[in-house]
Amino acid sequence: PLSIAPKPLDFVLVGAGFWAPFHLHGWRELGGTHCVGIVDLQPEKASSLAAQFGVANHGEHLDRFLAEHRVDFVDIVTSPNTHRELVEICAAHGVR
């Protein structure tokens, strides 16, 4: 029988702090998603977490990342006071 699996949803994770690995484990367990990048204002944190989870891309600026990569959604794992600005960046790039 022919089975057509849906394409995984591509996402970028913003924030490479304490909660980020829990989110990445959760997305993997859920399935149907693919982390295409990790962004953090501390690039060494983004790089380290990307290496730990086998994520190909990492960066320091969400605006630049979204200009260079197409994603289906963004997982924001930062302090609540940063969420509005990050959501506005996502909206400016057409990410819903």
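My entries follow, beginning with the ground rules.

**Ground rules.** I am working from a predicted model, where local features need pLDDT of at least 70, side-chain atom pairs count only at pLDDT 80 or more, and totals for chains, interfaces and linings use all residues. Residues are numbered from 1 along each chain as its sequence is written, and side-chain values use heavy atoms, with hydrogens and water left out.

**Entry 1, aromatic pairs.** I paired rings of Phe, Tyr and Trp (its six-membered ring) if their centres lie within 6.5 Å; planes under 30 degrees apart are stacked, over 60 edge-to-face, the rest tilted. That rule gave me 6 aromatic pairs. I looked at F18 and W19 first thing: their ring centres are 4.8 Å apart and the planes stand at 90°, so I logged the pair as edge-to-face. For accessibility I call a residue buried under 20% relative accessible area, exposed over 50%, and partly exposed in between (1.4 Å probe, protein chains only). F18 is exposed at 60%, and W19 is exposed at 54%.

Next I checked W27 and F73, a tilted pair with 5.0 Å centre to centre and 50° between the planes. W27 sits in helix α1 (residues 20-30) and F73 in strand β4 (residues 73-76), so this pair ties together parts 46 residues apart in sequence. Helices here are DSSP runs of H or I with at least four residues, strands are runs of E with at least two, and both are numbered from the N terminus. I found W27 partly exposed at 23%, while F73 is buried at 14%. Together with F11, W27 and F73 form one aromatic cluster.

F22 belongs to helix α1.

Which residues of helix α2 (residues 43-53) are buried? I listed A46, L49, A50 and F53. Looking down the axis of α2, I see these buried residues within an arc of 105°, so they line one face of the helix; the arc is taken from the directions from the helix axis to the C-beta atoms. A51 and Q52 are exposed, on the face turned away from the buried side. The buried residues of α2 pack against β1 (9-14), α1, β2 (33-39) and β3 (57-59), with contact meaning heavy atoms within 4.5 Å. After α2 comes G54, with a positive phi near 70°.

I searched for a side-chain nitrogen of Lys or Arg within 4 Å of a carboxyl oxygen of Asp or Glu. The whole structure has 3 salt bridges.

- D10 pairs with K7, the closest N and O atoms being 3.2 Å apart; D10 is buried at 16%, whereas K7 is exposed at 57%.
- R70 meets D72 at 3.0 Å, N to O; R70 is exposed at 60% and D72 partly exposed at 24%.
- E88 meets R84 at 2.9 Å, N to O. These two are 4 residues apart in helix α4 (residues 83-92), about one helical turn. E88 is partly exposed at 43%, and R84 is exposed at 65%.
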